[in-house]
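Work through the exercises below with the sequence and the model side by side, trying each task before reading its solution.

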Amino acid sequence: MESIKKVGFIGSGNVASQMAVSLIEKDFEIPVIVSKSARKARMLAKKVNGVGTNDFSVLADIELDVLVLAVNDHSITEVVELVKEFNVPIVHTSGATSIDVLASHEANYGVFYPLQTLTKEEYAEFRLIPICVDAPDEDFRAALMEMGNKISTKVHEISDKQRIELHLCATLMNNNINHLLAKVEDILMDKKLPKGILDPLLKETVQRAKYRHPANVQTGPAIRNDLNTKQTHEQIIQELGDEQLMKIYNCFWESIQNYYKKDA
């Protein structure tokens, strides 16, 4: 298969917005953006000198090397059915959805998954974002790898099973930790504590995790079995009236203690 040069998108959300712009910056062509919202499709298409529409039939008249399905996981199967007739290679960008959902597509198919949390509003430095590539056809997989390497320095051939396992890790590390940070921010505001006072601690926590196994730098009352501190913390959470936070606190306490029992 020849190199990929013309890339179309189904979807105009966070992934499509960031990836399309990154591809344009590396001289790819983005002839078309198709989205449920014609307005949003046109807004993104304007940034990449393409056509924006909510009409799938335009795909019949536009030459593409690959069509990126940058849609919600639950919409992928539906979209595959809608693009079957156009006989263009497709990829989805999901971390948690098997490549098998594309198997009914008669043209080449694969996965092009950027392993990063993306939003439309914040610029994404794609060259630092890991991209996980998979495809049954060897030539198409090589073409996807080549496309990935033009926008990122961290492109990997990752199997279906490995990608879904990676997505679990990403969810635990990013989404769940971000939720904890939201809870922390709420407490700081409720107790009128200085905003940003925990920033150095957050930075140190992340830096340690980058260079050492987190298990080797675990600190805190749970690993010390400091029950007095635990009681104090629980009293504060009770005052906040946050039952879910109490469950989270005790779940982490138990998990930390059980994790380190194996080394006792």
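**Exercise 1. State how many aromatic pairs the structure holds, and find the charge that lies over the face of Trp253**.

Solution. Begin with the count: the structure holds 2 aromatic pairs, where rings of Phe, Tyr and Trp (its six-membered ring) pair if their centres lie within 6.5 Å. Then turn to Trp253, over whose face Lys230 lies, at 5.4 Å from the ring centre; a charge sits over a ring if NZ of Lys or CZ of Arg is within 6 Å of the ring centre and within 35 degrees of the ring normal. Before going further, keep in mind that this is a predicted model, in which local features need pLDDT of at least 70 and side-chain atom pairs count only at pLDDT 80 or more, while totals for chains, interfaces and linings use all residues. Residues are numbered from 1 along each chain as its sequence is written, and side-chain values use heavy atoms, with hydrogens and water left out.

**Exercise 2. Describe the protein as a whole by its helices and strands, its box and its buried share**.

Solution. First, the protein has 9 helices and 8 strands, which are DSSP runs numbered from the N terminus (helices H or I, at least four residues; strands E, at least two). Next, its C-alpha atoms fill a box of roughly 70 × 40 × 30 Å along the principal axes. Finally, 38% of the 264 residues count as buried, where buried means under 20% relative accessible area, exposed over 50% and partly exposed in between (1.4 Å probe, protein chains only).

**Exercise 3. Determine how many disulfides the structure holds, and whether Cys132 is buried or exposed**.

Solution. The structure holds 0 disulfides, a disulfide being a pair of cysteine sulfur atoms within 2.5 Å. For Cys132, the nearest cysteine sulfur is that of Cys169, 11 Å away. Cys132 counts as buried, because its relative accessibility is 2%, whereas Cys169 counts as partly exposed at 47%.

**Exercise 4. Locate Asn49 and Asn87, and give the phi value of each**.

Solution. Asn49 is in the loop between helix H2 (38-47) and strand E3 (51-53), and its phi is near 60°, a positive value in a residue other than glycine. Asn87 is in the loop between helix H3 (76-83) and strand E5 (90-92), with a phi, likewise positive, near 50°. Checking accessibility, Asn49 is exposed with a relative accessible area of 70%, and Asn87 is exposed with 54%.

**Exercise 5. Describe the lining of the second largest pocket**.

Solution. A pocket is found on a 1 Å grid over the protein atoms alone, as an open set of points where a 1.4 Å probe fits, with protein on both sides within 12 Å along at least five of seven lines, and lining residues have an atom within 4 Å of a point. The lining includes Gln116, Leu118, Glu122, Tyr123 and Ile129. By kind, the lining residues divide into 4 nonpolar, 3 polar and 2 charged.

Conventions. Nonpolar A, V, L, I, M, F, W, Y, C, P; charged D, E, K, R; others polar. Phe/Tyr/Trp six-rings, centres within 6.5 Å; stacked < 30°, edge-to-face > 60°.
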